[in-house]
Amino acid sequence: TAPGPRSYTTLRDEAVKLFNSLQQLESERDPVPLMQGVLQTCLDLPPLVDEIYCQLVKQTTEPPAPGGQGDLHYWQLLTCMSCTFLPSPPVLRFLRFHLDRTENHFPASEMAKYASFIREALGKTKGRECVPSLEEILVLMQRQEMICTVHCPGAPACSVAISSHTTAEEVAQELVSRLGLSQSPNLFALYEQSRRREQPVGSATLLADVLTRFE
């Protein structure tokens, strides 16, 4: 049994289940919950991360209908994977070759745009505490940023655009600049508040992980 609320069988059995999920993804009308389930399994069972990357590269290589809905679902899951996990160095090299090949074969296509987004994300991803929230998956599918609302004492709530890689420190610095407090001798930090507790958010914490915990 893996840590956390989920129960798992053997890695081999879970790999088969993930393969079946990927097959189902191609025709799924609402792929978001299925994508999140795949990501959660990879988070709980890290040895499967490379397996899923390899499967997604295989599925997006010479697909029957390039740029079709099923093909794009695979690219969208690959996008979410790239913002959540780093593959091992050999798989990362294989993946980068696949991204280059896609951009060369299908320039200006949706697949090429996803490939470019994924390459940039891989340069920033350091690992996540949580898988992307349903909202984050939706915006990643569109290669967009999320809007995070921060409530500031004595000032109106501020909306901040964040990516999967934005840290609490980066958001705090942006808010300090917006509120004209750059010359203040005080220290500033973000807090997360729920019904049960209020606590500071670590400066290196990814805001996307905080939003997933709220979800």
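This is a predicted model: local features need pLDDT of at least 70, side-chain atom pairs count only at pLDDT 80 or more; totals for chains, interfaces and linings use all residues.
Axes are taken here as lines fitted to C-alpha atoms, for helices over the stretch in contact, with angles running from 0 to 180 degrees between N-to-C directions. Two packed helices are described by the angle between their axes and the distance between the axes. Helix 1, spanning residues 11–25, packs against helix 4, residues 69–82, at about 130°, and their axes lie 9 Å apart. Helix 1 is therefore oblique to helix 4. On the helix 1 side, the contact is made by Leu 22, Gln 23 and Leu 25, which meet His 73, Tyr 74 and Leu 77 of helix 4. Four of these contact residues are nonpolar and two are polar, with no charged residue taking part.

The pockets come next. The largest pocket has a volume of about 700 Å³ and a lining of 25 residues, with Val 150, His 151, Ala 189, Leu 190 and Tyr 191 nearest its centre. At least two lining residues come from each of strand 1 (146–150), helix 8 (168–178), strand 3 (191–193) and helix 9 (207–214). The lining of the largest pocket comprises 19 nonpolar, three polar and three charged residues.

The second largest pocket holds about 250 Å³ of space. It is lined by 15 residues, and Lys 126, His 165, Thr 167, Ala 204 and Leu 206 are the closest to its centre. Here the lining divides into three nonpolar, six polar and six charged residues.

Technical notes. Residues are numbered from 1 along each chain as its sequence is written. Side-chain values use heavy atoms; hydrogens and water are left out. Helices (H or I, at least four residues) and strands (E, at least two) are DSSP runs, numbered from the N terminus. Angles under 35 degrees count as roughly parallel, over 145 as roughly antiparallel, 65 to 115 as roughly perpendicular and the rest as oblique. Contact means heavy atoms within 4.5 Å. Ala, Val, Leu, Ile, Met, Phe, Trp, Tyr, Cys and Pro count as nonpolar, Asp, Glu, Lys and Arg as charged, and the others, Gly among them, as polar. On a 1 Å grid over the protein atoms alone, a cavity is a set of points where a 1.4 Å probe fits but cannot get out, and a pocket is an open set with protein on both sides within 12 Å along at least five of seven lines; lining residues have an atom within 4 Å of a point. Grid points are joined across faces, edges and corners, and a volume is the space filled by probe spheres set on the points.
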